[in-house]
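Q: Can you walk me through how some helices pack here? I'm new to this one.

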Protein chains: 2
Amino acid sequence: MDTMNHRITLAERPVGAVAERCFARDDVPVVSPGAGEVLVEVAWLSIDPTIRGWMAYDFYLPAIEIGAPIRSVGLGTVVESNNDAYPVGATVLGMAGWQQCAVLGAGIQVVRDGVSPEAALSIFGITGITAYFGLLDVGRPSAGETVLVSGAAGATGSVVGQIARIKGCRAVGLAGSTEKCAWLTDELGFDAAINYKTEDVRRAIREACPDGVDVFFDNVGGDILEASIGNLALHGRIVLCGAISQYNDTTSRPGPSNLTLLIGKRGRMEGFIVLDYMHRAGEAIGHLSDWVRDGTLTYRTDVVDDLDNAPAAFNRLFTGANTGKVMVRL
Amino acid sequence: MDTMNHRITLAERPVGAVAERCFARDDVPVVSPGAGEVLVEVAWLSIDPTIRGWMAYDFYLPAIEIGAPIRSVGLGTVVESNNDAYPVGATVLGMAGWQQCAVLGAGIQVVRDGVSPEAALSIFGITGITAYFGLLDVGRPSAGETVLVSGAAGATGSVVGQIARIKGCRAVGLAGSTEKCAWLTDELGFDAAINYKTEDVRRAIREACPDGVDVFFDNVGGDILEASIGNLALHGRIVLCGAISQYNDTTSRPGPSNLTLLIGKRGRMEGFIVLDYMHRAGEAIGHLSDWVRDGTLTYRTDVVDDLDNAPAAFNRLFTGANTGKVMVRL
C-alpha cells in the first residue's frame with residue numbers, strides 16, 4: 001500500500017445543495033495505528049444522506065471538522081493490526097471516512113466470509129440495521145397491518161418494505177419514477193407503489209391504503225409526511241428516519257399543517273438514530289442474513305467508481321438518481 | 001322536577017370562533033329512562049375545549065347532530081332509575097349534555113360521598129383523569145426530569161404540573177397572564193412559569209429548562225409546540241392532549257418547521273384521548289383522591305351560573321379568560 005493517504009475532506013460547510021467547493025482533496029502520510037487500533041485499506045464507502053447533516057452541524061454526532069475527511073462508513077481490509085479481534089487480512093466495516101487508509105479503534109464490525117462488500121454495505125451495515133430496528137422496534141407493525149415507506153426505492157426504504165412483507169404486512173412504497181415503482185412491486189414484492197412526482201400523493205395513499213396507514217416509515221419528510229398523517233389509521237405510528245427532502249433547505253419550511261390529527265388518531269411520531277441500536281446489531285444481522293440466504297430479501301446497488309467521485313455519488317441521493325444503495329468502489 | 005326539559009342544542013356547525021348563532025334553546029318534554037337507564041337532573045356541566053371538535057366534525061366521537069343538545073360531561077342527581085347500580089338520589093357524572101334533564105345509559109360514574117361537585121368535575125372527572133394518564137402513561141416522566149405544560153393555568157394543565165411535582169419532576173408552566181403565572185408558582189408549586197403573551201417563548205423555555213424539556217404536555221399547539229420541539233431534550237416526549245390555539249382556525253395553519261429535530265433527539269410525539277383510559281379511571285381517581293386529601297393537589301374553578309350562559313362559559317376557554325376549570329352551575 002502507498003505511504004500516502006488520498007483523502008476527500010470538508011473544505012466548507014454546505015448551505016443548500018452540497019457544492020463541489022465544500023470538498024477538498026489532499027494526500028497526507030499514512031498514520032500508524034495506536035494501541036488497540038487497526039489500519040484499514042478502504043475498498044468501499046457507504047454513501048448515506050445523514051452525511052449531509054454531519055457536514056453542516058452537530059447532529060447526533062459532532063459536525064465533521066473543517067479539514068477532516070468526510071465521515072462515512074467504509075469497508076476494507078486490515079493491513080496492520082494492534083488488536084487481535086481484527087487480524088491482518090480481515091474484512092471490516094467501520095467509520096472509515098472518505099480516504100484510502102483509515103485508522104479505526106472503536107465501532108469495528110467484522111464482515112463474515114461469503115458476504116460480498118455490496119451485501120455488507122446494503123444489508124448488513126447501517127442500512128439494513130436501520131431498516132430492521134426502525135421498522136420493528138419503533139414502528140412495531142403487526143401482521144396484516146399496512147406499512148407505508150417513503151424513499152422506498154432507496155437503500156433503507158427498499159429493505160423496510162421487504163421486512164414488512166416478511167412480517168406479514170401490506171407494504172406500500174413511495175418513489176420518484178415509474179421504473180422505481182415497477183422495481184418495488186415487480187421485484188421486491190411491495191403490494192403497491194406510488195410515484196410521488198406524478199400522482200396526487202394524498203389521494204394515492206388513500207387508495208393504496210384503504211384501511212389507513214398503520215406504520216409510516218419516513219425517509220423524506222415534507223409534503224409526503226403531511227399526506228401520510230392525513231391517511232394515518234387509528235393508533236398509527238410514524239417512524240422518523242430521515243427527511244431528505246429538507247436536508248438542503250436554506251430556510252425553515254413549515255411542518256405538516258395537520259399535526260393535530262394525531263390527537264384523535266392517537267398517533268405516535270418518533271425519531272430514531274440507528275447508533276442507539278448498534279449493541280443489538282447481531283440480532284438484526286442474524287435475521288437479515290437468513291432472509292438474504294433464502295431469497296426473501298434482495299437489494300440493488302448503485303456503484304460509483306473512484307474515491308474522487310464520492311461527492312458526485314453523494315449528490316445522487318438528493319437528486320433521486322439512485323435506485324438502491326449508493327456506494328463508492330475505490 | 002319540571003315535565004319540560006330546557007336544552008341548548010346545536011343550531012349550526014361553527015366556522016372559526018363559536019358564535020351565538022351556533023346554539024339554539026328549546027324546551028322539550030322530559031323523556032323517561034328505558035331499561036337499564038336513569039334520568040338525571042343535571043346540576044353542573046363540565047366545559048371543555050374538546051366540545052369545539054364535537055360541534056364541528058367527527059373527532060374520536062361522532063359530531064353532535066344538528067338539533068341535539070351540546071355534548072358535555074355533567075354532574076347531577078338520579079331522579080328516576082331503572083338500574084340498581086345508580087339508585088334514585090345518587091350523584092353521578094356522565095355525558096349529560098347541555099340540558100336540565102338527561103337520560104343516561106352507559107358511561108355513568110358515581111360521585112362518592114364527601115366529594116364536592118367542583119372537585120368531581122375538576123379532578124375526578126375527565127379533567128383529572130386526562131392529566132393523570134396523559135402525563136404518566138404517555139409522557140412517562142422520571143423523577144428529576146423537566147416537565148413543561150402549556151395551558152398550565154387551565155383545568156388539565158394545572159393538574160398535570162402538580163402531578164409532575166408530586167412525581168419529583170421539575171414543573172414549568174406556560175400561561176397567558178402575570179396573575180396566572182403567579183398562581184402556578186406561588187400556589188401550585190410550579191418551579192417556573194412563562195407568560196407566553198409577553199415573553200420570547202423559545203428563549204424563556206430555554207432559560208427555564210436549561211437541561212431541555214423531557215416531557216412537554218401540550219394543550220395549545222401552534223407556535224408553543226414549535227418552541228418546545230426546539231428545546232426538547234434527548235429522548236424527549238411530547239404529549240399531544242389538545243391544540244386550543246387552532247380549534248377555531250378556518251384555514252389550515254403550517255405545523256412546526258423544526259419537526260426533523262425529532263430525529264436526532266430521538267423525540268416521541270404522541271396523541272391521546274382519555275376515553276381510551278376510562279377502564280382504568282379507578283386507578284387515577286384513587287391516587288388523585290389521596291393527593292387532594294393530603295393537600296398536595298389543589299384546583300381552582302371558574303364557575304358560570306345558569307344553563308343559558310353555557311355558550312359564554314365555553315368561549316372563556318378560547319379567550320383564555322379562565323383560570324382553572326370552567327363549569328356551569330344550573
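Predicted model: local features only at pLDDT ≥ 70, side-chain atom pairs only at ≥ 80, totals over all residues.

A: Start in chain A. Helix α2 (residues 117-124) and helix α9 (residues 281-293) of chain A cross at roughly 125°, and their axes come within 11 Å. That makes α2(A) oblique to α9(A) (under 35 degrees is roughly parallel, over 145 roughly antiparallel, 65 to 115 roughly perpendicular, the rest oblique). Axes are lines fitted to C-alpha atoms, for helices over the stretch in contact, with angles from 0 to 180 degrees between N-to-C directions. Helices are DSSP runs (H or I, at least four residues), numbered from the N terminus.

Q: Which residues of α2(A) and α9(A) meet?
A: From α2(A), A:Ala119, A:Ile123 and A:Phe124 meet A:Ile285, A:Leu288 and A:Val292 of α9(A). Contact needs C-beta atoms, placed from the backbone, within 7 Å.

Q: Now chain B. At what angle do α6 and α7 pack?
A: About 40°, with the axes of α6 (residues 201-208) and α7 (residues 223-230) of chain B 9 Å apart. α6(B) and α7(B) are therefore oblique to each other.

Q: And which residues meet there?
A: B:Val201, B:Arg202 and B:Ile205 of α6(B) meet five in α7(B), among them B:Asp223 and B:Ile224.

Terms used. Residues numbered from 1 in each chain as written. Chains lettered and ligands numbered in written order. Helix = DSSP H or I, 4+ residues; strand = E, 2+ residues; numbered from the N terminus. Contact = placed C-beta atoms within 7 Å.
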